[in-house]
Amino acid sequence: MRLNLREIINIPGGKVSFDYEPDISDMSFDSVLSFRTPLRAKGHIENEAGVLLLKAELSADLVCQCARCLKEFEKHIGFHTEAVIAEEVQDEDNPDIYLLEGDYVDVDEVIVTAFVLNIDQRFLCKEDCKGLCPKCGKNLNDGPCDCKGETDPRLAVLSQLLEKE
Ligand SMILES: [Zn+2]
Ligand SMILES: [Zn+2]
């Protein structure tokens, strides 16, 4: 979405609001299976003492796959992002500066970049997810599997000793 900032570019205190759903349908993320509710960006661009500052809240409900046990689960994400909109790059080392194209700014570019940088590469269904048994593939969150004897800690120590010899 391109926003026309003509009304606020030279007006300190001026403000343009937005509330929309950026189209990210052509993007895919390893950790996200699908979107239960689309990504939504709500915020504004304000001329603060001559500096155009974009502030937005991003939110979405995701369907994720646990990186350990592969279970599907829903997760709500929400975060805040800010960026400076400028007519020219003053500081090449600051990635949070986006350029005006005439009177317009490409809000999508800001929002999608923020989303990509903030989305986790991997999600866990819970912090202490036990994952799958590497032998039989059973989801260990549902209880121990029958391979338990083979991973008996005493046997594990013994096999380590045998390997060393
Ligand atoms: Zn899990
Ligand atoms: Zn097992």
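User: Which residue in β5 does S59 stand opposite?

Analyst: S59 stands opposite G78 in β5. Keep in mind that we're looking at a predicted model. One more pair of this kind is A60, whose bridge partner in β5 is I77.

User: How do you know that β4 and β5 count as paired strands?

Analyst: Pairing takes at least two bridges between the strands. Strand β4 (residues 51-65) and strand β5 (residues 72-86) are joined by 14 bridges, so they count as paired. The two run antiparallel. Their hairpin has six residues between the strands, and L70 there takes a positive phi near 70°.

User: What makes β5 and β6 a pair?

Analyst: Same test! Three bridges join β5 to β6, and the cut-off is at least two, so this counts as a pair too. Here the strands run parallel. V84, for instance, stands opposite I97 in β6.

User: Why are β2 and β6 called edge strands?

Analyst: Look at the order of the open sheet: β2-β3-β4-β5-β6, five strands with mixed pairing. β2 (15-20) and β6 (97-99) each pair on one side only, which means they are the edges. On average, neighbouring strands of this sheet are turned by 25° against each other, direction ignored.

User: What lies across that sheet, and at what angle to β4 does it run?

Analyst: That's helix α2 (residues 107-118), which lies across β2, β3 (32-48), β4, β5 and β6. The helix runs at about 50° to β4.

User: What makes I45 or F115 part of a nonpolar core?

Analyst: Members have to be buried, be of a nonpolar kind such as Ile or Phe, and be joined through C-beta atoms within 7 Å. The largest core has 24 residues, and I45, L54, L58, I85, V110, I111 and F115 touch the most other members. β3, β4, β5 and α2 each give two or more residues to this core, with the largest share, seven residues, coming from β4. As for F115, leaving aside residues up to four places away in sequence, its contacts are I24, L39 and L58. In soluble globular proteins, nonpolar side chains tend to be buried together.

User: And how much of the protein chain counts as buried?

Analyst: Of its 165 residues, 16% do. To qualify, a residue needs 20 or more other C-beta atoms within 10 Å of its own.

How values were computed:
Residues are numbered from 1 along each chain as its sequence is written. Chains are lettered from A and ligands numbered from 1 in the order in which they are written. This is a predicted model: local features need pLDDT of at least 70, side-chain atom pairs count only at pLDDT 80 or more; totals for chains, interfaces and linings use all residues. Helices (H or I, at least four residues) and strands (E, at least two) are DSSP runs, numbered from the N terminus. Axes are lines fitted to C-alpha atoms, for helices over the stretch in contact, and angles run from 0 to 180 degrees between N-to-C directions. Two residues are in contact if their C-beta atoms, placed from the backbone, lie within 7 Å. A residue is buried if 20 or more other C-beta atoms lie within 10 Å of its own, exposed if 12 or fewer, and partly exposed in between; C-beta atoms are placed from the backbone.
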